Amino acid sequence: MQRLVSTIALATVVALTSTTPVLASDAEIKNALAGKTLTNGKAVIKVRKNGRMTGKVGPNGDVKLVGAWEIRDGKWCRTIKEPKGIAGTKCQPMKLSGNTLTIDGDNGPQAWTVK
């Protein structure tokens with residue numbers, strides 16, 4: 001019986017360690033995104049290595065976006081200057097998986113393709 005319990009305990013440890021994702025550091029996430037382009041429908045945002053971001057957003061991809069970005073405590077932090085209607089700084093929960101960055105913003109989770 002003790003051997004069975006030990007085997008089950010070992011199998012549980014192996015299962016937990018093999019399915020638990022490794023969390024990336026802020027620097028690793030930043031390096032994965034810096035210099036890339038994010039797309040979501042017609043919206044396109046260039047996230048530059050120097051922390052600036054520019055692009056076109058909105059349903060038709062025709063609204064100018066100007067601001068800055070960083071990864072802080074595993075969150076997508078952005079400071080928007082334009083458009084004025086969404087200007088300001090927010091840090092939002094995010095998940096980077098492969099070439100998809102999902103940001104949980106005011107309109108719910110939004111999946112961005114990283115190119």
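A strand here is a DSSP run of type E with at least two residues, and strands are numbered from the N terminus. With that in mind, select Thr39, which sits in strand 1. The model on the screen is a predicted one.

**Stop 1: Thr39**

Is Thr39 buried or exposed? Its relative accessibility is 14%, and the cut-off for buried is under 20%, so Thr39 counts as buried. Now show what lies around Thr39. Apart from neighbours within four places in sequence, Thr39 is in contact with Val44, Ala111, Trp112, Thr113 and Lys115.

**Stop 2: the whole chain**

Zoom out and colour by secondary structure. The protein chain has two helices and eight strands. Read from the N terminus, the order is α-α-β-β-β-β-β-β-β-β. The chain has 115 residues, and 25% of them count as buried. Take the contacts in the chain with a separation of 6 or more: 24% of these are between residues 24 or more positions apart.

**Stop 3: the disulfide**

Select Cys77 and Cys91 and show their side chains. How far apart are the sulfur atoms of Cys77 and Cys91? They are 2.0 Å apart, and the two residues form a disulfide. Cys77 belongs to strand 5 (residues 75-82) and Cys91 to strand 6 (residues 88-97), so the link ties together parts that are 14 residues apart in sequence. Look along the S-S bond: the angle about it is 115°, and the link of Cys77 and Cys91 is right-handed. The count of disulfides comes to one.

Next, show the surface over the pair. Cys77 is buried, at a relative accessible area of 2%. Cys91 has 33% relative accessibility and counts as partly exposed.

**Stop 4: two backbone details**

Move to the loop between strand 5 and strand 6, where Pro83 is placed. Select Glu82 as well and look at the peptide bond that runs from Glu82 to Pro83. This bond is cis, with omega near 0°. The detail is worth a stop because most peptide bonds are trans, and most residues other than glycine have a negative phi.

The second detail concerns phi. Select Asp73, in the loop between strand 4 (63-72) and strand 5. Asp73 is not a glycine, yet its phi is positive, about 55°. With 69% relative accessibility, Asp73 counts as exposed.

**Stop 5: a pair of rings**

Select Trp69 and Trp76. An aromatic pair is described by the distance of the ring centres and the angle of the planes. A search of the whole structure finds one aromatic pair. It is made by Trp69 and Trp76, whose ring centres are 5.5 Å apart with planes at 15°, so the pair is stacked. Trp69 is buried, and Trp76 is buried too.

**Stop 6: Leu65**

Select Leu65 in strand 4. With a relative accessibility of 3%, Leu65 counts as buried. What does Leu65 touch, not counting residues up to four places away in sequence? The list is Ile45, Met53, Thr54, Gly55, Val57, Ile80, Glu82 and Pro83. Glu82 and Pro83 are the two residues of the cis peptide bond at stop 4. Then draw a distance from Leu65 to Ile86. The two are 21 residues apart in sequence, and their C-alpha atoms are 9.6 Å apart in space.

**Stop 7: the largest pocket**

Select Arg78, Ile80, Ile86, Asn107 and Trp112, which are the lining residues nearest the centre of the largest pocket. How many residues line the largest pocket? The number is 24. Strands 1, 2 (43-47), 3 (52-57), 4, 5, 6, 7 (100-105) and 8 (108-114) are the elements that give two or more residues to this lining. Colour the lining by class to see 14 nonpolar, seven polar and three charged residues. The volume of the largest pocket is about 680 Å³.

**Stop 8: Leu96**

Finish in strand 6, at Leu96. Leu96 counts as partly exposed, with 29% relative accessibility. Beyond residues up to four places away in sequence, Leu96 touches Ile29, Ala32, Leu33, Leu101 and Val114.

Note on methods. Residues numbered from 1 in each chain as written. Predicted model: local features only at pLDDT ≥ 70, side-chain atom pairs only at ≥ 80, totals over all residues. Heavy atoms only, no water. Disulfide = S-S within 2.5 Å. Helix = DSSP H or I, 4+ residues; strand = E, 2+ residues; numbered from the N terminus. Buried < 20%, exposed > 50% of the residue type's maximum accessible area, 1.4 Å probe, protein only. 1 Å grid on protein atoms, 1.4 Å probe; cavity = no way out; pocket = protein on both sides within 12 Å on 5 of 7 lines; lining within 4 Å. Points joined across faces, edges and corners; volume = space filled by probe spheres on them. Nonpolar A, V, L, I, M, F, W, Y, C, P; charged D, E, K, R; others polar. Phe/Tyr/Trp six-rings, centres within 6.5 Å; stacked < 30°, edge-to-face > 60°. Contact = heavy atoms within 4.5 Å.
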